[in-house]
Amino acid sequence: MNDFFFCLDIGGTNLKSALINSSDEITSRFSSRNDRLDANTLITHLRSHMAQYSNLLKDGRLRSAGISVAGIPTVDRKGIRATTHLKEGLLPISKIIEEELGIPSLVENDGQCMALGEKFYGLAK
């Protein structure tokens, strides 16, 4: 059985997601337009992204999710405290993913995620 990790990037232009296997390979990716969404529309898009991967998960299990946001995560890293890309302020997106997929998830600022990616997979490694 393969382990997979769900990655989500909530940007100003697009909502992007990817499924990464335990060998750090991107096995699938999906993108949809994101024009200053309200929370309900974002959740609808998120569910659409998760549905895209259902066939891939027949031979594996989803372990966790990481969420990148151009904004400020909550202190507990379970939600979005502030971003210009959503009409609402506070959004408990991690809780939504945990309830929908049954996996742990965390939210981080997209700049921090970029720096971590560079450290572990880029020229800085």
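The model is a predicted one, in which local features need pLDDT of at least 70 and side-chain atom pairs count only at pLDDT 80 or more, whereas totals for chains, interfaces and linings use all residues. Residues are numbered from 1 along each chain as its sequence is written, and side-chain values use heavy atoms, with hydrogens and water left out.

Confidence is expressed as pLDDT (the predictor's confidence in each residue, from 0 to 100). The chain averages 83, and 93% of its residues score at least 70.

| Element | Residues | Mean pLDDT |
|---|---|---|
| Strand 6, lowest | 80–83 | 79 |
| Strand 7, highest | 105–109 | 91 |

Ser-32 itself lies in strand 3, strands being DSSP runs of E with at least two residues and helices runs of H or I with at least four, numbered from the N terminus. At 14% relative accessibility Ser-32 counts as buried, a class that means under 20% relative accessible area, with exposed over 50% and partly exposed in between (1.4 Å probe, protein chains only). Leaving aside neighbours within four places in sequence, Ser-32 is in contact (heavy atoms within 4.5 Å) with Thr-13, Asn-14, Leu-15, His-45 and His-49.

Helix 1, residues 39–52, has 14 residues and reaches 20 Å from its first C-alpha to its last, close to the 20 Å expected at 1.5 Å a residue; the expected span is 1.5 Å times one less than the number of residues. Its buried residues are Ala-39, Leu-42, Ile-43, Leu-46, His-49 and Met-50. These cover an arc of only 115 degrees around the axis, and therefore lie on the same side of helix 1, the arc being that of the directions from the helix axis to the C-beta atoms. On the other side, Asn-40 and Thr-44 are exposed. The cover over the buried residues includes strand 1 (2–10), strand 2 (14–21), strand 3 (26–33) and helix 2 (93–101).

Zero disulfides are found in a search of the whole structure, a disulfide being a pair of cysteine sulfur atoms within 2.5 Å. The sulfur of Cys-7 has its closest cysteine sulfur in Cys-113, 8.9 Å away, which is too far for a bond. Cys-7 counts as partly exposed at 27% relative accessibility, and Cys-113 counts as partly exposed at 27%.
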